[in-house]
Structure formats: structure tokens, C-alpha cells
Amino acid sequence: MDSRSIWVRVPGTSANCGPGFDSIGLACTVYNDLQLRLTTEPGCQITIKGAGAQNIPVDERNIVWRAVQYLLKQAHMEKKYPGAVIHMENQVPLSRGLGSSATAIVAGLKAANILLDNRFSRRELLQFATDIEGHPDNVAPAIYGGFTVSTVTRGEVECFTFIPKLRLKLVVAVPDFPLSTRKAREVLPEKVSLKDAINNIGRAGMLVAALCKSNEKFLKNVFEDALHQPYRAPLIPGMYDVFAAARKAGALGASLSGAGPCLIAYTLQRHHVEEAVGKAMQECFLRHGVKSDIMILDLDTRGAHILNDK
């Protein structure tokens, strides 16, 4: 085990997808890669390249190492392998709403599990990841790929995953400022109105049904949300104007990606509007004093997997 290492690749994710607060998510084609080697000597050596490298801890606080330790404890192997060598190569922007913490958790769990000869199933890895992250909306698509719908019943996670027949292009506007999930959650109310709850239940159901049936007609109004986006809008200058600009340029709709500040627009590949939508979003953000980068992504359909070409 001291000489064996493994590379894994984990996709970034976008949670909520508008009305599916803490329950619906998708995986997209931006990735974090991880190399892990377990050691019989205590201590962890961590090196990081790429997005957010200067801001990620390289000590016991590192979330990949914490996930590795969690899995080892579940396997009762923490004494046999008290140390690790970890190398991270990141493309997922940090603290932007594209699931950077979820990719780290899933990468640590997935890599450690492979080195233990896949002792745990993907469903068990989802449970572990949810226990660490606190909710499954990001970790589920990072594990399974595609779109995921997750529920938690008395602590037990269940996840439905699917790949729509509609070929989507995801246009992500990445603002030049971070937003911590903690801060984004602090602004949410403890109670919401019955009207707002009904709004989200209907639209979340319609979103999943329309994607499963590949009916684009019903995707026009499903991304509106009343549970989290109105309260987070003040943290992201021009958010609703950027949504409107994306739709005017040809997007089916747009939403806050996770807790933000990234905004994601959903377009159909056959319409060939993703470039125009990205330009419209970027220009609208700029009018509100926010610089942003545009990422045009596809839906990832594999989820976390072994990387053979490293």
C-alpha cells in the first residue's frame, strides 16, 4: 500500500438548479483531479496546483484528508494507514458555487475506497459524503454524474440520477469575488410562506419531469425560485438582470449556481446560442460593476472515476 497510488477525477457541480433547493443538482465538465497514496507512517503531505491553491489548507484542516480519514475509520483501517501523500490539481473555482468542497470530499472518499479495493458501494460513499457535507445536493452529482434528485429520511440518503435526452449547454458566469456558503446560508429565513413553498414544489417537479421527458416547452419557466434566490440576490449585484439578459439572448432560463456567486444559464446545444448568452451575461454583470469569466460546459455523465491517463 505504501507504493500504490491512485488518480481520480471528480466533476464540479451546480446545486439547486433554481427551485430544487438542497435537493436537485447536476454535474458539469469542469474537474478536480486527485492523486492519493496511503502510508503506514503518520502524517500527511499535501501539494496543490490550480484554482484556489493558495487558499486551501495543506495541514489537518484539508477537506480531502478529512474525507480520507473518515473513510478509513468507517473501514476500521485508520491505525493501519495513519498517513497519506495527496496531490490536488484543481480547475473548479473555489467558493463560487460550483461544488469545490463537494469535489474534494468525493475525491478523498473515492480514492481511499479504491485503495481499499472498493470496500464500499457508491451508495455508501454518498451517505459518507452527505454526513461530511451536511446535504447531498452537490455530492450526489459529483459521485454519479448527470442530474440528481436527493432526499434524506431520518439521516438516510436516497438519490435518483438521470441523463436527459435534451443536449444541454451550460453557460456559467463566474464573478471575480468569492462567496462563502456560510454567509449565503445566513441570509435565508427560517420560515417561508405557503405560496412560496407551492411555487417551488411545482417548479421543481416540472423541471425534473420536463428533463426526463425531453420537453423543452415546459423548461421556460421552471428555473424561478422563491426559497433562496430572493434572499441571496443582494449578495450578487445585478443577479436578476443577468438572468433576464441570458433569457433574452436565447437561454431557456438561468439560476444561481449553488450558494453563488456563479450564475448558470441553461441552453440547448442545437440552438447554438451559448456564446451569445455568455456575452450577454458578462456584459450585464459589468454594467453592475462586476467582472466575470464565462465557462461553457456540458453535462458530465460519468461522475467520480479513476483517471488512467495521469
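This is a predicted model: local features need pLDDT of at least 70, side-chain atom pairs count only at pLDDT 80 or more; totals for chains, interfaces and linings use all residues.
I take axes as lines fitted to C-alpha atoms, for helices over the stretch in contact, with angles from 0 to 180 degrees between N-to-C directions. Helices here are DSSP runs (H or I, at least four residues), strands likewise (E, at least two), numbered from the N terminus.

The crossing of α1 over α3 is right-handed. A crossing is right-handed if the near helix is turned clockwise from the far one by less than a right angle, and left-handed if anticlockwise. I then listed the contact (heavy atoms within 4.5 Å). From α1 come Ala67, Tyr70, Leu71 and Gln74; from α3 come Leu125, Phe128, Asp131 and Ile132. I sorted these residues into six nonpolar, one polar and one charged. The nonpolar class is Ala, Val, Leu, Ile, Met, Phe, Trp, Tyr, Cys and Pro; Asp, Glu, Lys and Arg are charged; the others, Gly among them, are polar.

**α1 against α2**

Next I checked α1 with α2. Their angle is about 40°, and their axes lie 8 Å apart. They are therefore oblique to each other. The crossing is right-handed. On the α1 side I found Ile63, Val64, Ala67, Val68 and Leu71. On the α2 side are Ser101, Ala104, Ile105, Gly108, Leu109, Ala112 and Asn113. By class, this contact has nine nonpolar, three polar and no charged residues.

**α2 against α3**

The angle between α2 and α3 is about 140°, with 10 Å between the axes. That makes α2 oblique to α3. I read this crossing as right-handed. Ser101, Ala102, Ile105, Val106, Leu109, Lys110 and Asn113 of α2 meet Leu125, Phe128, Ala129, Ile132 and Glu133 of α3. The class count is eight nonpolar, two polar and two charged.

**Largest pocket**

I turned to the largest pocket, which holds about 680 Å³ of space. A pocket is an open set of points on a 1 Å grid over the protein atoms alone, where a 1.4 Å probe fits, with protein on both sides within 12 Å along at least five of seven lines; lining residues have an atom within 4 Å of a point. Grid points are joined across faces, edges and corners, and the volume is the space filled by probe spheres set on the points.

The lining has 37 residues. Ser95, Ser100, Ser101, Glu133 and Thr181 lie nearest the centre. At least two lining residues each come from α1 (63-74), β4 (83-90), α2 (100-115) and α5 (181-186). The largest share, four residues, is from α2. I noted twelve nonpolar, 17 polar and eight charged residues in the lining.

Most residues other than glycine have a negative phi, and most peptide bonds are trans. I found a cis peptide bond between Gly260 and Pro261, with omega about 10°. Pro261 sits in the loop between β8 (253-256) and β9 (263-268). Asn16 has a positive phi, near 80°. Its place is the loop between β1 (6-15) and β2 (24-39).

Methods. Residues are numbered from 1 along each chain as its sequence is written. Side-chain values use heavy atoms; hydrogens and water are left out. Angles under 35 degrees count as roughly parallel, over 145 as roughly antiparallel, 65 to 115 as roughly perpendicular and the rest as oblique.
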